[in-house]
Amino acid sequence: MKPTRETGLDIVTDPVRAEASLWRRARFEDDSRSRETLFNRYIVLARSVAARHFGWRRRAVDRGDLEQFAYEGLLQALDRYDPLLGVPFGAYARPRIAGNVADGMKRMSDLDAQLSQRQRLRQERMRSLGPIEAAPADPLAALADLAVDLALGLMLEGTGMVEQADGVDRRPTPYEGLAWRQTQAAIAAELERLPANEGAVIRQHYHTGLTFAHIADLLRLTRGRVSQLHKSAIERLRRRLRHH
Amino acid sequence: MTLCDDIRLQELMTAIAADKGDEIAQVDRALADFPDDPRLHFLRGSLLAAIGRPIEALSALKAAVALAPDFAIARFQLGFFQLTSGEAGDALSTWGPLALLPDGHYLRTFVAGLTYLIRDEFAAAVEQLRLGIATNEENLPLNRDMQLIIDRISELTAGDGGDETMSATSLLLGQFSGRSN
């Protein structure tokens, strides 16, 4: 695809100053959006560290688990890095991420390793969406809503906007159903319209694969609040998609 | 407000020009004696920006403008620093009071040009930046910076065949061009 056209602002933006501006806002002005932007910028670094450890592993470990440890290490590095010291963040963060992945692998019990990170994310998601009220006025409608919400989750996982953890591109082939592609495009459009915090939770959970606890750390929210934002985002998407 | 006297300021500038590597320490010593002198904060900000300490540079430039809101060149440079940090909204807010400069003042013209640039209105941006360069005789290094921007715009627009609006077909095909399986 043709690269995005350069804008006037691109012409004058100095990447070092632009990154310093993000650090200033994240660190000294407590701006969680800038913190998220920095996290997104360095997520490739975290994944590459996790991938190296995946190659060295001595027992069955889910690659997703290694990535969670890498993300955790990245979040800690974001908090501890001093942007005034002049050390590039990548050089500072890489050994810390690697250390966190190595420690995480040691801490993992065999039982943990059996339950894949993907399964854990789905359990967490399910808990956020439920439980259905004890006696809903319309039980069938409540069940249908839950089914749609879970299906939405599966579609969000496969929107193909980001590469999956295993590196496989799961975007639809041109031969796959038009309706599926249209729904996916509608979801992508609706994601852009979500309130900022809801959009951030959905992006980080479904696209990056972060647990609610890590999203809470990233956005400076409580885990309960992240779960609420997830639920309300999914409900909002469901309501809006009904009009498509 | 006690200002650093001109002789000491001149000595400071001469020492900085000697490039011994202790410029910041020298300015800090002067600032310890004259903490409210906006020129010293501006000088400190410019030096910090030049040696790649942007977070502290911004603070120093902001301090200069806060102490002397009419210090036009400091205000322009603070806005330009914000612009080059990708903070276009902050830059426009900083530059706002420069609209009160006389019509035809080079800083006002440069701001007009850079504002067009932010809006991607390249022809108008180049026109205003050229006009500013033609009228600026007091701050020649600034002309060099603005000329660099004009050159960059020329490079960008030279390769522009007018096909930036992608057709729906090419968008759809492009979507699948990067498949790995």
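# A:Glu36 and the make-up of chain B

The side chain of A:Glu36 reaches a polar contact with the side chain of A:Arg203, at 3.2 Å. That comes from a predicted model, so treat what follows as a look at computed coordinates, because local features here need pLDDT of at least 70 and side-chain atom pairs count only at pLDDT 80 or more.

- A:Glu36 sits in helix α3 of chain A, the stretch running over residues 32-56.
- Buried or exposed, where does A:Glu36 fall? A:Glu36 is buried, since its relative accessible area comes out at 2% and the cut-off for buried is under 20%.
- Besides the pairing with A:Arg203 at 3.2 Å, the A:Glu36 side chain has a polar contact with the side chain of A:Gln204, this one at 2.9 Å.
- If you skip neighbours within four places in sequence, A:Glu36 touches A:Ala200, A:Arg203, A:Gln204, A:Leu218 and A:Leu219.

**Chain B: fold elements**

- Chain B has 10 helices and 0 strands.
- Going along the sequence, the pattern of chain B reads α-α-α-α-α-α-α-α-α-α.

**Chain B: burial, contacts and surface**

- Chain B has 181 residues, and 44% of them count as buried.
- Take the chain B contacts with a separation of 6 or more: 46% of them join residues 24 or more positions apart.

Terms used
Residues numbered from 1 in each chain as written. Chains lettered and ligands numbered in written order. Heavy atoms only, no water. Helix = DSSP H or I, 4+ residues; strand = E, 2+ residues; numbered from the N terminus. Buried < 20%, exposed > 50% of the residue type's maximum accessible area, 1.4 Å probe, protein only. Polar contact = N/O pair within 3.5 Å; in protein donor to acceptor, adjacent residues only side chain to side chain. Contact = heavy atoms within 4.5 Å.
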